[in-house]
Amino acid sequence: MDIRIEHVAKSYRLGQVDVAALRDVSLDLPAGDFVSLSGPSGAGKSTLLGVVGGLEKPDTGKVFAGEQDLTALDSEGLAMYRRHSVGFIFQSFRLLPALTALENVMVPLVPLDESEAAKQQQVVEALERVNIAHRANHLPGELSGGEQQRVAIARAIVNRPDVILADEPTGELDRKNGELIMQLLRELNQAGSATIIVASHDPDVVGAARRQVKLEDGCVVGQTTQEE
Amino acid sequence: MIWSYAWKGFARRKTRAVLAVSGLAISIALLVAVATISRSVRGAVGASLEAAGADVVVQKVVKPCPWAQVKIARDLSAIDGTVVDAVRKVEGVDNTTGVLDLWAFSEDTETGAQHPTVVAGVDPRKKTIGPARIEKAEGEQAEEACCAITEGRYLLATDDFHAMITEDYARAKNLKLGDRFPLGPYSFEVVAFLDLKSGGHISGAEAFIPLTTAQRMYDGGEVVTTIFVSLKQGRALPKVQELATSLIGPEAKVTSEANIGEATAALAVVTQRTLFAISAIVLTLVLLLVVKTALASVAERVAEIGILKATGWRDGDVSRLLTAESLYAGIIGGIVGTVVGIGLAFLYGTVVQPALPRSLVSYPECSTTEAPAALPFQATPSVWVLVAAIAAALVIGSLSGWLASRRAARMLPAEALRQL
């Protein structure tokens, strides 16, 4: 699914002051691309992920996912877009502590009108894809950081999304686990047509992406594309 | 699937689940227990009226009169016998009978002290109503009769100094059929043994003698102390009350199922109105507690709600989840509370023994046999109380879930995730 961002601006109210998070950002991200968003804290990386993922609407500008104008959708429409087209990976895994790995991966499928068996099958496949199926019945507290992030990735891909959005996916992992997670994201990108957008200030993570977008103070200040 | 997901979430957050369920369960248990005890005591007291085949009992209550060898029992006073006939003529009244409750003192052969026997003068023709009722009236659906003759015969209209005595009294006095025994200065022949079945007996006595004989013993003319009235129509009750007050005066005491419970020394003093007031207060407090808990739960679960929304849950899905969790608390709280409430009511029955109001019991403290005042308490919860208890728990659960889900629905996913 192609992502097209046209002149997007977004600001937040911080006390009495409006803080601009994104200023006139435009980007074209073709389907299947592997993109990194880099820049210092406050550059607007997470906000841009949120806008592309339909978590929030820009103040101005347009965001298209395929032919769909996300800025024209209401909260219900955005929820359906996230349900069918988007997978999120967060820095601190954001697994639900009371649920097992399997149940955490099941979360995006819970509201779907599919049979329990079909959902179970999808979850097992997702866990197998990230090599964590053997820990399916463990609670997050019983898993290492790397294992938890694998579960989080399985949760992000269980609905077979068109776009996977990862916000500092290696931020809480050691170097070795960080490399494993990035390797996994590359494999997922190569194995399917999902567009992967990773926000990070880690040079190794940024360098793993095919296209690198640099943000500063809410603006795109540079783009580079690696040759295969 | 949201229901099973909700159950997992509910069951695994043990502390919050226990708090929500126990708050509801305690209040529901309280309501069920109070309602069940009140109903059961009222039922037991009402059964004593039914056992006598009556709906209303009319008496005249005064300060006890001085001692006499034959005197009216307790604090009762004589009512002219014509009142019995006047009440019978009230529209809607089915049957009446007058009883003269007496204490007859006789000399104890061993100690020489004067000892009272509780005597009830009854109309031998009235076997279907009164304290010695042995038969049901035609077509009557009421409880079993209060008494049964185990040996001998019922009093006859031609009897004079003849008595039916209770089995307990016969044992205590070592009396057999045909024996003679003293009641005050008179000697009576035992013609029957009566089994006073368990339960409270209004105007219960140790010896039942013909009413006319009792009136001669008392030497006060054709008087009675207690009038038993059975009604064809419940609406006749106010007319009976009005007539009794006008004929007897302000000391008239009219007892019916409607007010008999209030005078019973037990939790039955909890009248219907009091019960509703307690219920309303308790339910309001519980509602506030449960709503506060549910809203606190939303505040604590911002992260989870943010993740659910990020993964494609719609506002309605999140609402259903929170409502389902609250309903689980409501269902479990309601069931646990109901079971505990019934258990408490049973426990009450074993600890506290409710008894008939003293004015309806003719026995003195020093009677030969034990006064038949104890009410057979059996905790019988009303189906309606159980339905209402479960419904209240479900309504509270739904309402708190709905309020919580409204707050959760207003939460924007990006903001929820930023709060982590």
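Modeller: Helices (runs of H or I, at least four residues) and strands (runs of E, at least two) are taken from DSSP and numbered from the N terminus. This is a predicted model, in which local features need pLDDT of at least 70 and side-chain atom pairs count only at pLDDT 80 or more, while totals for chains, interfaces and linings use all residues. Residues are numbered from 1 along each chain as its sequence is written, and chains are lettered from A, with ligands numbered from 1, in the order in which they are written.

Biologist: What percentage of the 420 residues in chain B do buried residues make up?

Modeller: Chain B contains 12 helices and 13 strands. A residue is called buried if 20 or more other C-beta atoms, placed from the backbone, lie within 10 Å of its own, exposed if 12 or fewer do, and partly exposed in between. By that count, the buried share of the 420 residues in chain B is 49%.

Biologist: Which residue follows helix 9 of chain B, with a positive phi?

Modeller: Helix 9 (residues 302-310) of chain B has seven of its nine residues buried, so it is largely enclosed by the rest of the structure. The buried residues include B:Ile305, B:Gly306, B:Ile307 and B:Leu308; their cover includes helix 2 and strand 6 of chain A together with helix 10, helix 11 (383-410) and helix 12 (413-418) of chain B. After helix 9 of chain B, a positive phi near 100° is found at B:Gly312.

Biologist: How many residues of chain B are in contact with the 21 residues of chain A?

Modeller: Two residues are in contact if their C-beta atoms, placed from the backbone, lie within 7 Å. With that cut-off, the 21 residues of chain A have as their counterpart in chain B a set of residues numbering 22.

Biologist: Which helix gives the largest share of the side of chain A that touches chain B?

Modeller: Ala, Val, Leu, Ile, Met, Phe, Trp, Tyr, Cys and Pro count as nonpolar, Asp, Glu, Lys and Arg as charged, and the others, Gly among them, as polar. On that basis the side of chain A that touches chain B divides into 10 nonpolar, three polar and eight charged residues. The largest share of this side, five residues, comes from residues 75-85 of chain A, which are helix 2.

Biologist: Is the crossing of helix 2 of chain B and helix 10 of chain B left-handed or right-handed?

Modeller: Axes are lines fitted to C-alpha atoms, for helices over the stretch in contact, and angles run from 0 to 180 degrees between N-to-C directions; the axes of helix 2 (residues 14-51) and helix 10 (residues 315-351) of chain B come within 6 Å and cross at roughly 40°. That makes helix 2 of chain B oblique to helix 10 of chain B, since angles under 35 degrees count as roughly parallel, over 145 as roughly antiparallel, 65 to 115 as roughly perpendicular and the rest as oblique. The residues of their contact divide into 21 nonpolar, nine polar and no charged. A crossing is left-handed if the near helix is turned anticlockwise from the far one by less than a right angle, and right-handed if clockwise; for helix 2 and helix 10 of chain B, the crossing is right-handed.

Biologist: Which residue of strand 9 of chain A stands opposite A:Ser36?

Modeller: All five residues of strand 3 (residues 34-38) of chain A are buried, so this strand is largely enclosed by the rest of the structure. A:Phe34, A:Ser36 and A:Ser38 point one way, with A:Val35 and A:Leu37 pointing the other way. Strand 3 of chain A runs parallel to strand 8 (residues 195-199) of chain A, joined by four bridges, and A:Phe34 stands opposite A:Ile196 there. Four bridges also join strand 3 of chain A to strand 9 of chain A, again in parallel, and opposite A:Ser36 stands A:Gln212.

Note on methods
Pairing = 2+ DSSP bridges.
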